Amino acid sequence: MNTCPKCQTALHQVDYQQLTLLQCETCSGFWFQEGQFRQVKSFGFSGLPGTPSSKNSEAEEQDETTQSREPDSLSCPECEIPLAPYIYAYSSGIQLHRCSKCAGIWAAYDDLIRIEHLLADYQESLEDAKSKIMPLMMKVKQQIQEEEQAREAEKRNNSFFHRVFRHKSGKNQSRPPLLEEVEANFPSDEKDAS
Ligand SMILES: [Zn+2]
Ligand SMILES: [Zn+2]
């Protein structure tokens with residue numbers, strides 16, 4: 001019989017999204033067997049049955065020291081070796097416990113809800129960033145297109161001038177017809193003087 005690492009009472013089976021999880025009836029904590037934590041995370045933790053712990057969130061926030069003073073002598077319900085505490089997502093401050101032997105994860109119900117909020121916040125900030133970056137991306141795209149068009153136009157102009165003046169300095173003295181056209185439209189000073 002698997003028992004809760006915290007309360008030492010029997011864990012009971014809970015069906016969730018075609019998974020069979022183990023939960024403590026006393027503290028609502030969950031024991032996730034290898035891979036289950038990730039699977040449940042993809043469905044969302046908020047749908048899990050459970051009761052938030054009775055301590056009010058204010059006291060919880062004020063008293064981080066009490067939390068860290070809690071003895072970390074939790075044992076794996078399956079292997080009965082001590083679980084290793086670790087912080088979820090490195091900087092979240094949410095502590096989970098993992099078994100080094102069976103890769104199971106023990107999580108308090110409150111912490112799962114906190115993770116759910118964290119993921120929601122993350123998703124929200126991602127959407128926010130996306131909505132801010134999209135108009136910027138469009139602007140940059142437009143700018144690149146405009147620059148490309150300008151470059152194309154410049155290339156066309158260059159080849160035009162090349163065609164006009166190519167023969168002027170060369171050995172071939174024949175005048176290209178385009179030069180006549182240019183001179184007709186832009187009379188030279190010489191012509192003005194006469
Ligand atoms: Zn318990
Ligand atoms: Zn284990």
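Student: How many salt bridges does the count come to by the rule?

Tutor: The count comes to 4 salt bridges. The rule asks for a side-chain nitrogen of Lys or Arg within 4 Å of a carboxyl oxygen of Asp or Glu. Before we go on: this is a predicted model, where local features need pLDDT of at least 70, side-chain atom pairs count only at pLDDT 80 or more, and totals for chains, interfaces and linings use all residues. Residues are numbered from 1 along each chain as its sequence is written, chains are lettered from A and ligands numbered from 1 in the order in which they are written, and side-chain values use heavy atoms, with hydrogens and water left out.

Student: Why is Lys132 called exposed?

Tutor: Exposed means over 50% relative accessible area, buried under 20%, and partly exposed in between (1.4 Å probe, protein chains only). Lys132 has 55%, so Lys132 counts as exposed. Asp128, at 39%, is therefore partly exposed.

Student: Which residue does Asp111 meet in a salt bridge?

Tutor: Asp111 meets Arg114, at 2.9 Å from N to O. Both lie in helix H4 (residues 109-165), 3 residues apart. Asp111 has 13% relative accessibility, so Asp111 counts as buried, whereas Arg114, at 29%, is partly exposed.

Student: How do you know which atoms coordinate the zinc ion (ligand 1)?

Tutor: Donors are N, O and S atoms within 2.8 Å of the metal (3.2 Å for Na, K and Ca); water is not among the atoms, so sites may look incomplete. The SG atoms of Cys4, Cys7, Cys24 and Cys27 coordinate the zinc ion at 2.2 to 2.3 Å.

Student: Why is the arrangement around the zinc ion (ligand 1) called tetrahedral?

Tutor: Four donors count as tetrahedral if all angles lie between 85 and 135 degrees. The 4 donor atoms here subtend angles of 106 to 116°, so the arrangement is tetrahedral. Cys7, in the segment before strand E1 (11-16), and Cys24, in strand E2 (residues 19-24), link distant parts of the chain, 17 residues apart.

Student: Is Cys24 buried or exposed?

Tutor: Cys24 counts as buried, because its relative accessibility is 1%. Cys7, at 28%, counts as partly exposed.

Terms used
Four donors count as tetrahedral if all angles lie between 85 and 135 degrees; four count as square planar and six as octahedral if opposite donors are over 155 degrees apart and all others between 65 and 115; anything else is irregular. Helices (H or I, at least four residues) and strands (E, at least two) are DSSP runs, numbered from the N terminus.
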